[in-house]
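Here is a colleague's note, meant to be read beside the model. Please keep the sequence and the structure open while you go through the points.

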Amino acid sequence: MTSMIDVFVVLTVFLLITFSTSSECRTSHDVPVARSVEELVDAPMIDVRGDGTFLDGMKMRSNDELVSALKRKREIAKQLEPNKPPNDHVILAIDPDVPSGVVKATVKAAADGGFPSLDFMVQKG
C-alpha cells in the first residue's frame, strides 16, 4: 500500500510540473472600456477573435458547431435545475479587429442556440 501511495505522489508531482495552460485560454481581452458596468453573470462566454470563435475556451470550427454546443449547454442547465428557468444570457468578448459580419453571424448563432440575451465584456474605466 505504501508503494502505491508513493507512485501517486510521484505521478501528481510530475503532472503538476509538466502542466501548462493552453494559448486558447486568455485572461486579458482587448475589449472596450465602459464607465457603467455590472458584475459578470454566470453565463457561457463566446470569445470572438481574429483566429476564431471560442465557447468557454474551446475553439468552434463553425457557427453550426457553436449553435449545437450552446443548445447542449442549455439542455444540461435544464436537467441540473429543472425547477429554475435556464439562463438565456451569453457573454460576448469581441476583439476590435474582428469584422462586423463575423460578429453578426456569432450573435445569430447565439440566438439560434437558445441565448437571445447578450452581455458584452468590457473593462471598467
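## Notes on the predicted model

1. Asp56 counts as partly exposed, because its relative accessibility is 40%. The classes are these: buried is under 20% relative accessible area, exposed is over 50%, and partly exposed lies in between (1.4 Å probe, protein chains only). Asp56 sits in the loop between strand E3 (52-55) and strand E4 (58-60). Its phi is positive, about 50 degrees, although Asp56 is not a glycine. Most residues other than glycine have a negative phi.

2. A word on the basis. This is a predicted model, with residues numbered from 1 along each chain as its sequence is written. Local features need pLDDT of at least 70 and side-chain atom pairs count only at pLDDT 80 or more, while totals for chains, interfaces and linings use all residues; side-chain values use heavy atoms, leaving out hydrogens and water.

3. How far does the predictor trust the model? pLDDT is its confidence in each residue, from 0 to 100. The protein chain has a mean pLDDT of 81, and 79% of its residues reach 70 or more. Over residues 22-27 the pLDDT is below 50. Beyond near neighbours in sequence, this stretch has nine contacts in the model. Contact here means heavy atoms within 4.5 Å. Where pLDDT is low, the predicted coordinates should not be read in detail.

4. Now the overall layout. The protein chain has three helices and seven strands. These are DSSP runs, numbered from the N terminus: helices are H or I with at least four residues, strands are E with at least two. Along the sequence the pattern reads α-β-β-β-β-α-β-α-β-β. Take the contacts between residues at least 6 apart in sequence: 71% of them join residues at least 24 apart.

5. How much of the protein chain is buried? The share is 26% of its 125 residues. The chain exposes about 9000 Å², and carbon and sulfur atoms supply 59% of that area. Accessible areas come from the Shrake-Rupley method with a 1.4 Å probe; for residues, only the protein chains shown count as cover.

6. Next, the largest nonpolar core. Such a core is a set of buried Ala, Val, Leu, Ile, Met, Phe, Trp, Tyr and Cys residues joined through side-chain atoms within 4.5 Å. The largest one has 16 residues. Ile46, Leu55, Leu66, Leu70 and Ile94 have the most contacts inside it. Two or more residues of this core come from each of strand E2 (45-49), helix H2 (63-80), strand E5 (89-94) and helix H3 (100-112). H2 gives the largest share, four residues.

7. Leu66 deserves a look. It is found in helix H2. Is Leu66 buried or exposed? It is buried, because its relative accessibility is 0%. Leaving aside neighbours within four places in sequence, Leu66 is in contact with Ile46, Thr53, Leu55, Met60, Thr106 and Ala109. Leu66 and Leu55 are 11 residues apart in sequence and 7.3 Å apart in space, C-alpha to C-alpha.

8. Ala69 is also in helix H2. It counts as buried, at 8% relative accessibility. Not counting residues up to four places away in sequence, Ala69 touches Leu55 and Met60. Ala69 and Ala110 are 41 residues apart in sequence, and their C-alpha atoms are 9.9 Å apart.

9. Thr53 lies in strand E3. Its relative accessible area is 11%, so it is buried. Which residues does Thr53 contact, leaving aside neighbours within four places in sequence? They are Ile46, Asp47, Val48, Met58, Lys59, Met60, Leu66 and Thr106.

10. Val102 belongs to helix H3. It is partly exposed, with a relative accessible area of 35%. Val102 and Asn63 are 39 residues apart in sequence and 9.7 Å apart in space, C-alpha to C-alpha.

11. Last, charges and rings. A charge sits over a ring if NZ of Lys or CZ of Arg is within 6 Å of the ring centre and within 35 degrees of the ring normal. The charged end of Arg49 sits over the ring of Phe54, 4.0 Å from its centre. For Arg74, the charged end sits over the ring of Phe115, 5.8 Å from its centre.

Key
pLDDT is the predictor's confidence in each residue, from 0 to 100.
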